[in-house]
Amino acid sequence: RQEKLRVVLEELSKQKDLCSGEVVVGIDGSTDGTAEMLEELAKSFPTSLSFFRIENSGRSVIRNQLLQRAQGELILFIQDDIVIHPGWLEAHQQAHARCPGAAVVGHITWYPKMTITPYMCWLENGGPLLSFRGLKDGDETNFWHFYMGNISFSKDAVQGITFDERLQEYGWEDMVFGYQFIKKGGTIFYSQKALAYHWDEYREEDLPEYAKKLGLSARKVQELYPE
């Protein structure tokens, strides 16, 4: 998704205070020229932009490698289909100033430049995708809302926690990480102001296959974490 990633990074480059940090991109098996695009973009990027590649190893593996490579005190995760809103970084920083040591999950909704179908509206309002219903800005929440598409935490707070690389199917690896974070004594807060947009078209005819993937991974999680 090279062209989507370019837009994602261009929006990221406009964030206030970005120059005090770094941006690290993990390439997981991509063959569409993403590395070459990143090399070119890095020449004019307002802060350090680096990348590495692995060979199609899955979400848990690449996220663990990103965690290992991150140098900053505060780590923020997004994805190659997440376009951030102006003020996103500042909102995460302000939330951490209020709640040091916590994790902060930012609001995610559909990218307004897409055609948003009734099915997509259902997915985030009662369906099996990124639901924030009932949460208000600043509320404490649980590991079911530990969404890696828009989240931040201090490196110290997650010391000793890794993504479970036994989870190879789609989904749940982020919530399992959040579960381990809560077990360690961590807290998770919701920030409506740390807004980001999900740029991916979900089609109703794909629901059976999507549900099957979620079910397979849920069964694996139940086997590994029966409690």
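Across the chain the pLDDT, which is the predictor's confidence in each residue on a scale from 0 to 100, averages 94, and 100% of the residues score at least 70. This is a predicted model, in which local features need a pLDDT of at least 70 and side-chain atom pairs count only at pLDDT 80 or more, whereas totals for chains, interfaces and linings use all residues. Residues are numbered from 1 along each chain as its sequence is written, and side-chain values use heavy atoms, with hydrogens and water left out. Confidence is lowest in helix α7 (residues 207–224), where the mean is 93, and highest in strand β7 (residues 151–154), where it reaches 98; helices here are DSSP runs of H or I with at least four residues, strands are runs of E with at least two, and both are numbered from the N terminus.

For F146, the contacts (heavy atoms within 4.5 Å) beyond four places in sequence are with A103, I151, F153, D174, M175, F177, G178, F181 and I188. Leaving out residues up to four places away in sequence, D174 touches R63, F146, Y147, M148 and F163. The C-alpha atoms of D174 and F153, which are 21 residues apart along the chain, are separated by 13 Å.

Strand β8 also holds H198, a residue that is buried with a relative accessible area of 6%. The side chains of H198 and D81 are joined by a polar contact of 3.2 Å, a term for a pair of N or O atoms within 3.5 Å in which, within protein, one atom must be able to donate a hydrogen and the other to accept it, and residues adjacent in sequence count only if both atoms are side-chain atoms. Besides D81, and setting aside neighbours within four places in sequence, H198 is in contact with I82, I108, T109, W110, Y111, M114, L129 and L130.

In α1 (2–12), the buried residues are Q2, K4, L5, V8, L9 and L12. Because they cover an arc of only 155° around the axis, they lie on the same side of α1, the arc being that of the directions from the helix axis to the C-beta atoms. What covers them includes β1, α2, β4 (82–84) and α4 (88–98). In helix α2 (residues 34–42), T34, A35, M37, L38 and L41 are buried. Their arc of only 160° around the axis puts them on the same side of α2, and their cover includes α1, β1 (22–28) and β2 (48–54).

Strand β3 (residues 74–77) contains L76, which is partly exposed, with a relative accessible area of 28%. Not counting residues up to four places away in sequence, L76 touches W88, L89, H92, I151 and S152.

Two loop residues deserve a look at the backbone. D17, in the loop between α1 and β1, has a phi near 75°, a positive value in a residue other than glycine, and D17 is partly exposed at 37% relative accessible area. N56, in the loop between β2 and α3 (59–69), likewise is not a glycine but has a positive phi of about 50°, and N56 is exposed, with a relative accessible area of 64%.

Finally, the cysteines. A search of the whole structure finds 0 disulfides, a disulfide being a pair of cysteine sulfur atoms within 2.5 Å. C19 is exposed, with a relative accessible area of 58%, while C99 is buried, at 18%.

Notes
Buried means under 20% relative accessible area, exposed over 50%, partly exposed in between (1.4 Å probe, protein chains only).
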